[in-house]
Amino acid sequence: MSTQTMPTEPGPTGAAVPSADAPRPRRGYGGLWVALPRDFGFLILTMPIAVTGLTIVSTLFFTGLGLIALVVGVFLMIAAFYVARGFGVLEIVRLRWTGLAEIAEPDWSRGDREHGFWRATFAPFVDGHYWLYLLHVVVVNPIVSIVSWSLTITWVSTALAGLTGWIWQPFIPDGERDFWLNEWLFERFAPGRPLAWDPVLGERVLEIAIGVLFLLSMPFVFHGLTLLHHVIARGMLAAWRSEALEREVAELAASRGAAVQAEDASLRRLERDIHDGPQQRLVRLQMDLATIERRLDRDPDQAKALVVEARDQAREALDELRALSRGFAPPLLQDRGLASALEALAARSTVPVAYENAMAPDAPLPAAIERNAYFAAAELLTNAAKHSGATAMRLRVATRDLGSAGRVLDLWVTDNGRGGASAVPGHGLAGLDERVRGLRGQLIVDSPVGGPTMIGAHIPFFPESTADPVV
């Protein structure tokens, strides 16, 4: 049995817990050039999409408004709301492609706040999001898009014309041209002095300089215009803060409910295991001791044999109690922390376990997180040893920094067994999944038939937070 650290790759990247939305990194001027194709693709399509949305939505809405006295007018206005919603969602998706911070869409489902066909149909009239989307499509986005699209075309055409004009301008007849911009500028800055160069050559050099200037400033302009659209979309198209709080409260209620269910299932399983195992053996031991007491004087040999059986019963009951106690937090966990407790847990396994500790030393875990992580590791190792037929296992624990979103504890158990593990309701993995979800975490099960099996528990936490769920 080995507990040495093995240099292995971390778990699958796709198994990571989704972090908080954050913008893609842009590092300096070079990062702006990397983002330039995405920004240009967004801006060049902005006005055509905005004009199309304005045409369709305004036609539907104002036609419906004119026919409001008729039933068809109401349904035309409803259609205008839903089409405006579609164009607003398209704007959010296009902004997401630029690499900026993702904008959270409103909760269109409304949960149980709508019942019946008519209430669901007329919901846009009382939902402020639909009116904001309509205002964005009909008024705000067309105005802003005309400005941003015009500046985009101006910057691109000026940069291209300035940098390539020396190639194609000699083929265009100048006719009787007598105005040269470089000559006019020279006369304004040096009045009375004769021009010391050919005005045609000076014009070519000035055009190249202007083209270079527009080219160098293009990343700033394009990114600034894209940010302008992003700020407007975040203010008009994003979910409201109150909705985010409602969702967070609902998630907390669901996670706490899952934690309570997991704890209740664990207690029932512990009661059943104690009743079916150690309790029965202790009852048998009590009966054997009573029999020994009666036969000690009359039949010492028979009493001696019963003493041997009673000793075996006591040993087996003690072994079962020790096995059950592994589901509780051991004193080592409180005294020396999760890393040492997991190392001792790996050393006690009946199947060789390679233990790897990659936790950051500067991220102390809350007590609730340590207890639940230890329980998850003990459950996974026990299940693998009993049911997988594995000859070797690996236990890896690590922490990841998510910045302002806190940190994540990654706990991976891998075995080379037969595979086929799944979180079937009523079984160990299902209960463990409820426990992890109660901590707002995620349990990943990757166990194809034939193996190997990889199970990861990813639990978010804040190193100094005291608000973590206690299970």
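This is a predicted model: local features need pLDDT of at least 70, side-chain atom pairs count only at pLDDT 80 or more; totals for chains, interfaces and linings use all residues.
Where is Thr98 placed, and between which helices? I looked there to begin with: Thr98 sits in the loop that runs between α3 (71–97) and α4 (117–121).

**Thr98**

I then checked what its side chain reaches, and found the backbone oxygen of Leu95 at 2.4 Å from the side chain of Thr98.

**Overall numbers**

I stepped back to the protein as a whole. I have 14 helices and 5 strands in my notes. Of the 471 residues, 39% are buried. The accessible surface comes to about 26,200 Å², and carbon and sulfur atoms hold 63% of that. For contacts with a separation of 6 or more, I noted that 74% join residues 24 or more positions apart.

Which residues make the nonpolar surface patch of about 510 Å²? I listed Tyr29, Trp33, Ile208, Val212, Leu216 and Phe220. Two elements give two or more residues to the patch, namely α1 (28–44) and α7 (199–236). The largest share is from α7, with 4 residues.

Tyr29 is in helix α1. Its relative accessibility is 33%, and because that value lies between 20% and 50%, I put Tyr29 down as partly exposed.

**Ser148**

I went on to helix α5 (residues 128–168), where Ser148 lies. Ser148 has a relative accessible area of 0%, so I wrote it down as buried. What does Ser148 contact, leaving aside neighbours within four places in sequence? I found Leu43, Thr46, Leu225 and His229.

**Nonpolar cores**

The largest nonpolar core has 38 residues, and I wanted the members that touch the most others. Those are Leu338, Leu342, Leu395, Leu409 and Leu411. The elements giving two or more residues to this core are α12 (338–348), β1 (353–358), α13 (367–388), β2 (393–401), β3 (407–415), α14 (428–438) and β5. Which of them gives the most? It is α13, with 10 residues.

I followed Leu342 a bit further. Beyond its neighbours within four places in sequence, Leu342 is in contact with Tyr355, Tyr374, Ala377, Leu395, Val397 and Leu411. There is also a second, separate core of 33 residues, and I noted Leu36, Met77, Ile92 and Val221 among its members. As background, nonpolar side chains in soluble globular proteins tend to be buried together.

**Pro448**

My last stop was the loop between β4 (442–446) and β5 (453–461), which holds Pro448. At a relative accessible area of 38%, Pro448 falls between the 20% and 50% limits, so I have it as partly exposed.

Which residues does Pro448 contact once neighbours within four places in sequence are left aside? I get Arg418, Gly419 and Gly420. I also checked the C-alpha atoms of Pro448 and Gly419: they are separated by 5.5 Å, while the two residues are 29 residues apart along the chain.

Technical notes: Residues are numbered from 1 along each chain as its sequence is written. Side-chain values use heavy atoms; hydrogens and water are left out. A polar contact is a pair of N or O atoms within 3.5 Å; within protein, one must be able to donate a hydrogen and the other to accept it, and residues adjacent in sequence count only if both atoms are side-chain atoms. Patches are made of residues with over 30% relative accessible area and no salt bridge: like charges are joined within 9 Å, nonpolar side chains (Val, Leu, Ile, Met, Phe, Trp, Tyr) within 5 Å. Accessible areas come from the Shrake-Rupley method with a 1.4 Å probe; for residues, only the protein chains shown count as cover. A salt bridge is a side-chain nitrogen of Lys or Arg within 4 Å of a carboxyl oxygen of Asp or Glu. Buried means under 20% relative accessible area, exposed over 50%, partly exposed in between (1.4 Å probe, protein chains only). Contact means heavy atoms within 4.5 Å. A nonpolar core is a set of buried Ala, Val, Leu, Ile, Met, Phe, Trp, Tyr and Cys residues joined through side-chain atoms within 4.5 Å.
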